Structures are given as structure tokens and as C-alpha cells.
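Trainee: I would like to go through this structure with you. May I ask my questions as we look?
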Amino acid sequence: MTTPLFAIVGHPNKGKSSIVSTLAQDESVAISPIPGTTVDNRYYPMQVDGETLYALVDTPGFQRARAALEWMQKQPGSSVDRANIVRMFVEEHHDDHRFAAECSLLTPILDGAGILYVIDGSRPFGEEYEAEMEILRWTGQPSLALINMIGDSDYSEEWNNALGQYFRIVRIFDAMTADFDRRIQLLLAFGQIREEWRESLEKAVQVLQQEQQRRRKLSARMMAETISRMVSYTCQRRLKGDGAGNAVRDSLQQAYKRELTSMEQQCRNEVEQIYNHKHLERHEAHVQLLAEDLFAEQTWVLFGLTQQQLITTGALGGAATGGIIDLAVGGASLFLGAGIGAMIGGVSAWVTTDRIADIKILGLPLGGKQLSIGPMRNINFPYVVLGRALYHHSMIEDRTHAHRAPLELKQPPAWLQTLDTDRRKQLEKIFVKLRRQETPHSDLVDALADRIQQLMERPASQTTKTPS
Amino acid sequence: MTHSSLIGDLIDLNAALKSDRSTDSEEKKQRDRSIGQALQQQRNNPARQLRGWLDQASTGAWQRDGHHAVQLYHVLCVILVFAGLASGWGLARAVLYYTGNAPINIVNALGLLVLPQILLLLFWLLAIIPNRIPLLGSLQSALRFLNPGRLTRHLARLFPARSRQSLSLVWDTEYTTALAPATRWLFSFWSQLFAFCFNIGVLLAAFYMISFSDLAFAWSTTLNLDSTTFHHMLSALSWPWHTLFPDAVPSPELVEISRYYRLDEASFGTADSRLAVQLSQWWPFLVSAIICYGFIPRLLTLFVSWLRFRHHLAHALPRLPGSPELLARMNSPLISTSAPRPENVAEIDTGNDFGAPESGSYALKCAVIDWSGTGVNAASAAKQLQTMGISCLDFMMAGGIRSTAQDNATIVSLCNLKPEGVAVIVKSWEPPLLEFLDFIQNIRAQCNRQQPIIILLWGGRDGVSGLDRETWQLTLRQLKDPDLHIESMGSVQ
């Protein structure tokens, strides 16, 4: 079985390179409004562990199709000789710079490539296309016409009529907005042009679908990791003197916000990398801290033990001491000793923490005040972060590599609010645990990543997108 | 080199993953997939697969500091072993100090060598209970905070920065997501190592003193405790070994004769050797108590801590930042859809800008050529050209479905007409092809005149877009023809 090879051919500036860029998920393909940017054939093999399942060839556009066709028409021979005449043309003119584009684009076709003829369906059909379509017909290779909708106008019907005379299969495909499913549909359509290529293309589709799942899984994990870090993030600053002034509070809040923003941006970059968008420019408003007093001023004592921990420890120590008395009287005290000891220990710790904090050893205080910010207690915060992350992911997942404009992330759709009760409860449970920092983070991250992946797989109708 | 130590591999893997962030993603995919295929048998064991990856991945990009951390870890363990042995030995020597004047108070020995161990064991058990009981969290966090194993972290500060910084990964808050459980068990392991060695020290000291001196035990307390109650308490304490070592359970008679009051010290001081032998019979009980409530539990807690530490460390390997991605690269087929070679892109010479007529109007009698069948009506085109100061001498056709020979014939007719200028109407949405540039150059060559050639962009029903005009301008500039002009017919969108 031969490896399916597809030559993307057509008039200059009709989106050949955009289609290649989208199908090959390659943002290095040069896309330019200047005709003739593509000067040479460029191969894009789809390889899985070294095995090539199919290959695309981006070719230069026709430049002197009429002259080439005239040369071919002048050659003697019947219609059965046409493919050979095209081959003769290429052989005779391969050093002729006038027909460099024609020779380049016809070479892979003569080597057995299927023809993917690309036109712009948003511009009217013109008689200048007839010569190139005729040349392609002369090659005798299986072909498919793609109507690429570059602009807003629609001349697809006009084109359908014209293309139908030269090509058996005509498909409409927007290289800029085609989502994953449409790209897959197009690949399957390629299999229709030659039966022996179908198996290979179906395998390629299967691999790409698995890859898509893998990307989702990695993205979900990345998002879960980030959300868990953002939700549980705290920032502390030791205070000098009795309390925190506004300047200290502002500066700590800025530092807190900066760190949250940095975590979110890092996640965005990682998700873009997963989807092969390495040089994407992105515009997005930073996450807003929801109206909430994030600050908690607390006393820390004895090398960092918090007041609550100190009270518990005091109570425990008291209980242990009282327990010795209980033991001494053989339990006759009905463990009153342990109980009273715990109470005395706890109350003493509570009363004396401030004083202990002021004690200095070698000039260093045992304790003091610290201003702490976070973790974010607002119950909506994780939903906001998750909503933004899912929105970014959906934009990236569906964004083609031909789309070179900056990614504008606006207000994410509010579909998280329409989550069913069960899913919302599951998420809320995880967020509560994250805020309390009770369960090991890694377990929560795993659980959250699973939930996020499920959310990513919601039907497209529910993930209403804001256009970028 | 793969470290036999998990901790060393964890540190090296973390360094590798950090360094890998700047590596090109395609390069990473290829490298990791090829290693992943070689390690396919370990696919179901991510930790082992990651350690295998570490063994095979290139070492040039990151510093392998894991062995420094492992060295420090072992040094800290050795310090704890010696500290435990020394403190156990020292305490036991102090508790069992006997000059022959007064017997060793067994209550004192139990209070210092056995009871604290039971209490600390209870604390340890409390600290490891899964955190699901309400109000226990604060107590557990306090107990974990007070874990003496944490002091080892401070002890590490005495060692070179390189080793310290590597090992500090385990307790670095940046990695709490992945490493918090392992950190908890590391501190537990260290504290139990110390405690275990402490018990060995106590036992060694006890055996040394029992072997190389004579010890006499008795019991004494101010509390109102009679011999029977005390015996019951001791029997309860001896319950775990009473069937295995019945001789190590104090008999009621021994308890009875061993009670002493310091007021009666004289009677013990003058005791005969038979009583001395009887009083020495306490040692099997004391040693059994230390073994049962100190040595064995600590051996178990040490073993559990070590196992849990290793388990969580292995569990943390695939959860380090970057590990899931690495595993995915290793275990998923390497899919490549992009071009293996960089693209040759044509360098466009933008040339000079197009000039507009000085008067704002051309004031020319021109031959007008419709290129490629624009569909423009000749009469309405002539009318529009009038507004630009162009009067139409003749309306000709070229390009499109006409042959190149017909185009040449058009040029011949054009030259014969000797117009003041040539206006060529083109479809603005179709980019200028080389055959169009050929046509313009042929006009110049054959008519042999420097008359103005005006390219008139016609945008059809959509009008001429700015992008289309720019495309035409950029392409026609390549001709470097100063008498070539571009105009839009109708409004420019």
C-alpha cells in the first residue's frame, strides 16, 4: 500500500498554506497576502512513531497556467496521453524559471499525489481558473476541491457549479475556524478520493483523536494543579511593631495578586504548548480578587506554632500531666486529672501566647505578629478561575494554526453556573478541601483533574464561546 | 548513573524537569518517546519508568545533585543514630546509677525509660491517623510540628549549601502538592530512627551495667500504694510477655520484699546477700518493659515510617511538576505533523511607492484593457475613468480565457494606437500573477514608450479592500516601473 500523499494546489493567495497549517498544526507555515510567498514544495508528513500515515505537500500557486496549457495542447497525442504530456512539460521545463511554480506543483502530482485544489469561496469564480483546472484534469490523478471561505461574502454555490465540472468531490472548509471535528471530517474525506488510502487515513484519524484526548488530560491536570495552588495560596509577612499599616497591607495584597496572576499565566502558556501554539500572543484581563477581606492577622509563637496549635499543645501537655495523677491513683479520679489538666494547659497557652511572643532569646523574639493573606475564602473564586481556564482551553483547542491574530480572551461564558447539582457538589467538595488544606494536595489535584476533563467533554452546544 | 536511592532520583528528576522547561518541545517529544519505547515493560510502573528515563536521558543539561543530597541524608541518619545511642546510653546510665547505698527505684526507672515511650507512641499514632476526625486536625498539625525529626532540617544547615539545597526539595513548600506526604513520613522516619537508637542505647547500657556490676532494685513512692495494687499494675504492664517470659513478671513476694522507705535505708544497707540477689531479680522485668514498650514499637514505627516514606517518595515522582507531561510523552505515540525542514520564503523587494499625478487628475487619452474578464461594462468604465481625467481611446480584452497569442495581438494593436497612456482594469481580489507582470512588461518592451500605465483595481460588488490594494502594490513594486500607477475604481473599502 502506498502512503497517501496530497498536493495542496491552486491559485496564489487562496489559502493553501492556511489549510496546510491547520491540518499539520504547524504555525511555522508562512502565510502572507503577497502572492508567491510559497516558492518551493514543502512536505508535511503525518508520522506516528516514525511510520508515515499520510503527507501533505504545500505547493506554490499557478503563475503561468495559460502558457503551460498552451504548450501541452500543442503536443501531439490523444486524451490517454495527457498525463504523459504533463510529465513531458515538467521534464522539459524543470530548469525554466518561467515555469518554476508549475513544475514544482505538478511534480508531486505526477509522483502519485492526490490533488487538493483550493479556491476562495468568498470571492467570485473567474475564467482565469479554467487553465489550471484543465491542467490538473490532464494529470489524471484523484482529486478533491476545497472551497476555503476566507472572507465574509459567499460565492460557494457559483464555485460548486464550476468545480463540479472538474472535480468529483467538492468540500467547504474554513481553514481559520475549523474545529477539531471538522479537521477530522476533512481527513476522512481525503480517504474518499482513493480507496486504498482510506485505511491509512482512518488510522491517522484514530491516532489524532487519541492525541486530542491526551492533550485534554494534560491540560486538565495543568489546570487542576494551578487552581489548587491558587485556591490554597497564602502569603505572609512578619510585622514590625504592633500592627499592619495600610502600606504593608497594600504591598502584601499586590504581591499576592501578582503571584496568582503569574500562576494563571503560566498555566495558559503550558496549555498553549500542549496544543502546539508556541508563539501565540494573548490578550486577557487579569483575574480580579473578589470583594473579600483576605487578611488575617495572627500571633505566631514558639518557632512558628500558631496560637491554635499552641493552645492544643498546651491542652495536650496538661492532659498528660493530669493523666499521671490519674494513673497514680489507679484511675480512681475518673480521669478528672487529665480533663482538668487539659483545661488548665489550654487556657494558660491562650492567655500567655502574647507574652511568650515578646520574650527574647539572644535578642531574637520567640514570636511576634505576622500579616497573612489567603487562602482565598470566597466560594466563587475557584469557579471564576476554572471558568477562565476552561474558556481559554476551548479557544485553544479549536484554534487553528493558520489563525495568526492575537488571541483575545474576553468574558468567559457563564456555563459553569448551569452545572448540574451533582457536578457542582463534587467540585465544591474538592474546593472546600483545598481551602482547608486537610487532604494531601496531590489526591485533590487528581480528583479535580478528572472533573475538569469531564467538563471539557461537555457537548459543544453547552460551551458557548465568545468570539475572539 | 541511576541512584539506588529514591531520594536521589527524585532530586535529579526535579532538576531535569526544571531544566527541560526551556528545551524545545519537538526535541523533548522525540527524546522521551524513544526512551519510553525502550522502557515499555515498565509502563505500568510510572515511578520505575521515570527512574529509567533519568538513567537514559542526557546528562548535559542539568546538574545531578541527587548524590550530594543522598550523602547528606545518610550523614544526617548517622548523626541521629549516634545521638540516639548516646542519649539512650547516657539516660540509662543515669537512671541505673547504683553505688550500693540505696537501691534503684524501679518506679523511677519505669517513669523515665518506659512511660514516656508509651506516651510518645500514642502521640505518634495520633499524628498518623488519617485526618478525617473533626477537631483532630489542629492537634495533629501541632504534633507534626513538634515532631523532633523536623529538627534535622535545621541540622542540615550545618552542611554545604549544595547538598543542603538539594535535599531541601523534600521540605520545600513549592513542592507541597507532590511531596507533602513524603515530607511528613521523612520527619517521622528521622524521629523514629533517633528513638529506636535511643532504645538500643538504653538496652546496651542496661546490659552493660547488669553484666559488669551488681544492681539492686526496689520500689518506693509517697503515694498511698500497697504492694498488692502495685503488683497488679506491674502484672498489667507485663501482660504482653507473661507467657513468653514468665520469669520477667515480678512475683507478689518480690514486690512485697522490694518496697522500701528511705527512713529504713539502714535495713537495706545492711541487707544480706540473699536479699541482694532477690532485689536484682527486677532486671528481667525492666529490660522486658523497655523491649516491649520501647524497642519493638520503635522498630515497627521505624519500619512503617521508612516504608511509607519510600511509598510516598515513589508516589511523588510521577507528580512532580512536569512528570505527567514527561510520562505522556514517553507512553504516547510520537505524532509529528509538521514539516521537518524550515520553509524557504520568497524575499519580496518592495521597491518604490507609486506616485499619484501632480494635478490629481491624469488628463490622458488611454487605451483601456480589461484583464481576465472583469465583467466591467465598457461604457460605465469609460464614464468612471473620465472622473480620473482618463478618456478612453479604445477598449480591449486580454488574459483570462484568451490565449497568450491573443494577448500579444492586443499589445500590437495597442502600440499602433499610440495612446498617451494605458489603463488596465483588473479584479482587485485576484492577486497579480507572473503572467500579468509579463503582460505589463511586454507592453513596455513592444510599445517602446514610457507612457503611464495605470492599473485600475475593480472590486466587484464587494468593493476594493485595503488588503487587496496592498497586495497589488507590493507585487507591482517588484517591476520598479516609475510610470506604473495603481488606482481603485469605485470606493476603497
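Trainee: Which residues of H14(A) are buried?
Mentor: Please keep in mind that this is a predicted model. The buried residues of helix H14 of chain A are A:His441, A:Ser442, A:Leu444, A:Val445, A:Leu448, A:Ala449, A:Ile452 and A:Leu455.
Trainee: Where do they lie, seen down the axis of H14(A)?
Mentor: The buried residues of H14(A) fall within an arc of 145°, so they line one face of the helix.
Trainee: Why do residues three or four places apart point the same way in an α-helix?
Mentor: An α-helix has 3.6 residues a turn, so residues at that spacing point the same way.
Trainee: How many residues does H14(A) have, and what does it span?
Mentor: H14(A) runs over residues 441-456, which makes 16 residues. From its first C-alpha to its last it reaches 22 Å, close to the 22 Å expected at 1.5 Å a residue.
Trainee: And chain A as a whole, how many helices and strands has it?
Mentor: Chain A has 14 helices and 14 strands. Of its 468 residues, 43% count as buried.
Trainee: Let us turn to chain B. What is the strand order in the open sheet?
Mentor: The open sheet has five strands in the order S5-S4-S6-S7-S8 (chain B), and the pairing is parallel.
Trainee: Which strands stand at the edges?
Mentor: Those are S5 and S8 (484-489) of chain B. Each has a single partner strand, so one side of each is left without a neighbour in the sheet. From one strand to the next, the twist averages 25°.
Trainee: Is S4(B) mostly covered or mostly uncovered?
Mentor: S4(B), residues 364-371, is mostly covered, with seven of its eight residues buried.
Trainee: How many bridges does S4(B) form with S5(B), and how many with S6(B)?
Mentor: S4(B) pairs with S5(B), residues 390-398, over eight bridges, and with S6(B), residues 421-427, over five bridges. Both pairings are parallel. As examples, B:Cys366 has B:Cys392 in S5(B) as its bridge partner, while the partner of B:Val368 in S6(B) is B:Ala423.
Trainee: What does the chain pass through from S4(B) to S5(B)?
Mentor: The chain crosses through helix H17 of chain B, residues 378-386, and this β-α-β crossover is right-handed.
Trainee: What stands opposite B:Ile369 in S5(B)?
Mentor: That is B:Met396.
Trainee: Which strands does helix H18 of chain B touch?
Mentor: H18(B), residues 404-417, packs on the sheet and touches S4, S5 and S6 of chain B. The direction of H18(B) makes about 155° with that of S5(B).

Methods: Residues are numbered from 1 along each chain as its sequence is written. Chains are lettered from A and ligands numbered from 1 in the order in which they are written. This is a predicted model: local features need pLDDT of at least 70, side-chain atom pairs count only at pLDDT 80 or more; totals for chains, interfaces and linings use all residues. A residue is buried if 20 or more other C-beta atoms lie within 10 Å of its own, exposed if 12 or fewer, and partly exposed in between; C-beta atoms are placed from the backbone. Helices (H or I, at least four residues) and strands (E, at least two) are DSSP runs, numbered from the N terminus. Two strands pair if DSSP finds at least two bridges between them. A crossover is right-handed if, with the strands pointing away from the viewer, the path from the first strand over the helix to the second runs clockwise. Axes are lines fitted to C-alpha atoms, for helices over the stretch in contact, and angles run from 0 to 180 degrees between N-to-C directions. Two residues are in contact if their C-beta atoms, placed from the backbone, lie within 7 Å. The expected span of a helix is 1.5 Å times one less than its number of residues. The arc is that of the directions from the helix axis to the C-beta atoms.
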